[in-house]
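Here are some notes for when you have the model open. Could you go through them point by point with the structure alongside?

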Amino acid sequence: TEEEVGILAGDLSVLGSMDDFVSITGYRVTPHVVYLAREDYPFLPQPREVAEILLVPLGHLLDPSHHSAETTPSGPFRIHRFQWGPYVIWGLTAAILKRFLDLAFAFSEKP
């Protein structure tokens, strides 16, 4: 987090780790759930790594009307999307968010 968005390790409280994800391009990612106490944190995004930082309220992510998903025609992958204003959070980031919401809050998709 320090390299990409400037969050110092000492400013985070690690709550736990999730199971690994393997992206469709073969990257293995181990998500960690952390708590950042400061709402006004002075983020320092690295332009080569991060285009923009989105602070999305948990309540927004838990609202099923902001989530959509579809199965890819070429395989068993389910592509999740979360809408946040003009932004769409998708791909591996959305898959990790969806798994977190499932585990922590028994999130359910729209019927």
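1. A word on exposure before anything else: buried means under 20% relative accessible area, exposed means over 50%, and partly exposed is in between (1.4 Å probe, protein chains only). With that scale, Phe105 is partly exposed, at a relative accessible area of 38%.

2. Some housekeeping. This is a predicted model, where local features need pLDDT of at least 70 and side-chain atom pairs count only at pLDDT 80 or more, while totals for chains, interfaces and linings use all residues. Residues are numbered from 1 along each chain as its sequence is written, and side-chain values use heavy atoms, with hydrogens and water left out.

3. Now to helix H3 (91-105). Helices here are DSSP runs of H or I with at least four residues, strands are runs of E with at least two, and both are numbered from the N terminus. H3 has 15 residues and reaches 21 Å from its first C-alpha to its last, close to the 21 Å expected at 1.5 Å a residue. That expected span is 1.5 Å times one less than the number of residues.

4. Which residues of H3 are buried? They include Ala94, Ile96, Lys98 and Leu101. Among the elements covering the buried residues of H3 are helix H2 (58-62), strand S5 (67-71), strand S6 (78-84) and strand S7 (87-90). Strand S2 (21-22) and strand S3 (28-29) are also part of that cover.

5. What does Lys98 form a salt bridge with? The partner is Asp102, and the closest N and O atoms are 2.8 Å apart. A salt bridge here is a side-chain nitrogen of Lys or Arg within 4 Å of a carboxyl oxygen of Asp or Glu. Both residues lie in helix H3, 4 residues apart, about one turn of the helix. An α-helix has 3.6 residues a turn, so residues three or four places apart point the same way. Asp102 counts as partly exposed, at 31% relative accessibility.

6. The whole structure has 4 salt bridges. One of them joins Arg28 to Asp20, with the closest N and O atoms 3.6 Å apart. Arg28 is exposed, with a relative accessible area of 60%, while Asp20 is partly exposed at 36%. Another links Arg38 and Asp40, the closest N and O atoms being 3.3 Å apart. Here the arginine, Arg38, counts as partly exposed at 43%, and Asp40 is exposed at 55%.

7. On to the rings. Rings of Phe, Tyr and Trp (its six-membered ring) pair if their centres lie within 6.5 Å; planes under 30 degrees apart count as stacked, over 60 as edge-to-face and the rest as tilted. The count by this rule is 3 aromatic pairs. Tyr41 and Phe43 make a tilted pair, 5.5 Å centre to centre with 55 degrees between the planes. Tyr41 is buried at 7% relative accessible area, whereas Phe43 is partly exposed at 23%. Phe100 and Phe105 make an edge-to-face pair, 6.0 Å centre to centre with 75 degrees between the planes. Phe100 is partly exposed, at 24%.

8. Last, check what follows H3: Ala106, whose phi is positive, near 50 degrees. Most residues other than glycine have a negative phi. Is Ala106 buried or exposed? Ala106 is exposed, with a relative accessible area of 62%.

Technical notes
Contact means heavy atoms within 4.5 Å.
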